[in-house]
Amino acid sequence: MKAGPRELTPWRGEKPYGFGFLREIQPVLDRNCVGCHDGEAEGRPNFQSLEPIPRGREFAGSYHALHPFVNRPGSESDFQLLTPMDYHVSTSELFQLLDKGHYGVELPPEDMKTLITWTDPNVPYHPTWTSLEGNDRVGSISERARELRKKYTGLDDDPNWMPPAPKGRPEFVPPKTNPEPEAPKRFAGLPFNESTAKKMQGSNSSHTLELGDGINLKLRKIPMSGNQSIWMAETELTNEQFRQFKPEHDSRAIDT
């Protein structure tokens, strides 16, 4: 505090501009991920496609494939005072995978910094207002706002300015090492077919717990190896059910 205020260091270059997915994040995916996540292998997210997803706000397919791996507030979030670190990048599956070592992929520091910067402001897609709505629709409004900002604050900045777009897409750089994934551990007697499972379950394969206040929880008997079994809820717990164990529980989601 004794040092006093100082000028902010620009993100890149000398003039600030909006942070968008296609300009900042897609090149990171192109350099580090699309060699395996190119839409060819079933079950893998496709980080290469720029085709808009139907009814997906015209966002590229790669955006829709990546953002579920990031822990962030969504449309049902209850924006009250948050617990510190609730949305720290370390809580996101994306960064946990990268920290563990994802098939030898090691992001350069600048690329990792870019991913973190994208996550912190809630994974934006469009960098500017005009890129979302179009200059014909909001250009005049934006210019008027700029005039008033200059008149009453002395700041003459243009939040819709963007530097020239990069030409082409960067080449994929294979990881230096690509270790084979560990073979899954096998337990004696597993796997078994449906008829064997039903035989192991016996006639008593389901059970309903009364949690109180007319709230129930239905369980299913899950046979394991040998003669062992566990009981598991048929569905995810609802907030109503969980509050029977912890009354102060609040998921901070709408209509729960």
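Burial first, since I use it throughout: I call a residue buried under 20% relative accessible area, exposed over 50%, and partly exposed in between (1.4 Å probe, protein chains only). By that scale R146 is partly exposed, at a relative accessible area of 24%.

Housekeeping. I am working on a predicted model, where local features need pLDDT of at least 70, side-chain atom pairs count only at pLDDT 80 or more, and totals for chains, interfaces and linings use all residues. Residues are numbered from 1 along each chain as its sequence is written, and side-chain values use heavy atoms, with hydrogens and water left out.

Entry: salt bridges overall. I searched the whole structure and got 10 salt bridges, each one a side-chain nitrogen of Lys or Arg within 4 Å of a carboxyl oxygen of Asp or Glu.

Entry: R146 and its partners. For D156 and R146, the closest N and O atoms sit 3.1 Å apart. My helices are DSSP runs (H or I, at least four residues), numbered from the N terminus. D156 has 44% relative accessibility, so I log D156 as partly exposed.

D158 also forms a salt bridge with R146, and there the closest N and O atoms are 3.8 Å apart. D158 lies in the loop between α6 and α7 while R146 is in helix α6, so this pair ties together parts 12 residues apart in sequence. D158 counts as partly exposed too, at 21%.

Entry: R169 and D30. These two side chains meet in a salt bridge at 2.8 Å, N to O. The pair links distant parts of the chain: R169 is in the loop between α6 (135-153) and α7 (194-201), D30 is in helix α1 (residues 21-32), and they are 139 residues apart. Are the two ends buried or partly exposed? R169 is partly exposed at 38% relative accessibility, whereas D30 is buried at 4%.

Entry: S92. I placed S92 in the loop between α2 (61-66) and α3 (93-100). Its relative accessibility is 1%, so S92 goes down as buried. What does S92 touch, leaving aside neighbours within four places in sequence? I get F69, V70 and N71, taking contact as heavy atoms within 4.5 Å.

Conventions. Helices (H or I, at least four residues) and strands (E, at least two) are DSSP runs, numbered from the N terminus.
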